[in-house]
Amino acid sequence: MSTIEHQPNKTSAVKKTEKSTALSVLPDNQDQAIILHISFNKQDQQEELQEFCLLAKSAKVHICQIISAPLNQAQAKYFVGTGKAEEVAHAVKQQQANVLLVNHQLTPSQIRNLEQCCQCRVLDRTGVILDIFAQRARSHEGKLQVELAQLNYLATNLIRRKTHLDQQKGAIGLRGPGETQLETDRRLIKIRIAQLKNKLAKVANQRQQNRRSRQKSNIATISLVGYTNAGKSTLFNRLTQAKVYAADQLFATLDPTLRQLSLEHIGKVVLADTVGFIRHIPHDLVMAFKATLQEVNQADLLLQVIDINDSRQQQHILTVEQVLQEIHADNIPRLLVYNKIDQTENFSAKIDYDQHHVPIAVYLSANSGEGIDLLLQAIKQRLNKEVLELALQLSPTQGNLRHHLYQLNAISQETLDQQGNLLLKINIDKVQWLKLVKQFPYLAEGQDYNHSTLRNNIVVSI
């Protein structure tokens, strides 16, 4: 059985002094927390513990003590063994903590058992993340999304407790409405979830209308994505001169923000700042923020912001990839943005290209502004490079479309078949193609192409 990682006596005495000093200046309403870190993989133990401590600090709790508990298999009652649960209960009492934070997903019965054993509130990893979201939500939409996620989480974590409706009898004063308190709670939660989904459906429709307006105006959308605290909001403020809240903390951004950005030779584009991703992100949270994440799903280009100084950047890139797959946005063109080069001496501002001389990565500092000009240059190249290669078959009566294609200098080859139809091979910018589709609606019939690649082969028969 693992034990609490004690320090030498002298260090412990110093820490106790520091703790008592810190407690004297803490806010009266700040929670005192014991962290229980459970690890099934010793290689990732320290990294996951560090991230969970950042989550706890983002939730505005004071960490009194950290207890590590490596396990081979989870136990049914407390998740940890009985001995470890008693150690945790002793630490809670000794530190006078009022909340236990567990770095893992717990079942409702495990939460209840730990609360009874430790005589304090117990929150698992999902509960901590939801609490942070509840603190940070500012917009009406953000609050609806957080409440929906909380209710979905609560609905699966309801446990039977002794209340006035749990034991009903056919005697005076004991007759209830015919359901237990647990059933009542579930019914009320189900009703509220339905109400929130209806409200969020209206928000989603409004966002869809706004996206349609941008599409009609041929305005490209660029979305910032990445692991939480990678510097997305700082980069957003640097590019758009906005004043979005940005801080060195997890989930500083919850509410999506859209701003216009003018690019030379491109025109106006819309830049969207979105919520950051994190490993083991709750599925209910992803579903609750579905309307917000549609800004990512419908984007023309994703800027994936990466903290270049983070030793876990490869794991973070994989986490972002998994979330993008879950929201069906993994096929959208992506430009990697390695941020915070001002905090290291090994990197300078530059652009990395692939074998076709297409920008694939930019190194910059959103805080100092170094490399921002290179990012704008790379964005312009990526948006300009969406050239479509199409093969069109036009009837003799469709000379008007042929005329427009010649005006755009898009026709690279033209032949005539035995039926008198024109067979055209064209190279055309995607934006110009979309304009033609609006002008000639029959072009939309039969087209099947994937905008995730920069050059596409399309055959359209008309």
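Me: What does it take for two strands to pair?

Reply: Two strands pair if DSSP finds at least two bridges between them. Keep in mind that this is a predicted model. Here strand E1 (residues 31–39) and strand E3 (residues 99–102) run parallel and are joined by four bridges. In that pairing, Ala 33 stands opposite Val 99 in E3.

Me: Which sense does the pairing of E1 with E2 have, and over how many bridges?

Reply: E1 pairs with strand E2 (residues 61–70) in the parallel sense, over nine bridges.

Me: How should I picture the side chains along a strand, and is E1 covered or open?

Reply: In a regular strand, side chains alternate between the two faces of the sheet. As for E1, the strand is mostly covered, with eight of its nine residues buried.

Me: Now a helix. What span should H12 have?

Reply: Count 1.5 Å a residue: the 13 residues of helix H12 (residues 372–384) should span 18 Å, and the end C-alpha atoms are 18 Å apart, so the two agree. The buried residues of H12 are Ile 372, Leu 375, Ala 378, Ile 379, Gln 381, Arg 382 and Leu 383.

Me: Which residues does the "binding site" annotation cover?

Reply: According to the unreviewed UniProt entry, that annotation covers Ser 233 and Thr 253. Ser 233 lies in helix H8 (residues 232–240).

Me: Is Ser 233 buried or exposed?

Reply: Buried means under 20% relative accessible area. Ser 233 has a relative accessible area of 7%, so this residue is buried.

Methods. Residues are numbered from 1 along each chain as its sequence is written. This is a predicted model: local features need pLDDT of at least 70, side-chain atom pairs count only at pLDDT 80 or more; totals for chains, interfaces and linings use all residues. Side-chain values use heavy atoms; hydrogens and water are left out. Helices (H or I, at least four residues) and strands (E, at least two) are DSSP runs, numbered from the N terminus. The expected span of a helix is 1.5 Å times one less than its number of residues. Buried means under 20% relative accessible area, exposed over 50%, partly exposed in between (1.4 Å probe, protein chains only). UniProt positions are given in the numbering used here, feature names are shortened, and annotations may be inferred rather than shown by experiment.
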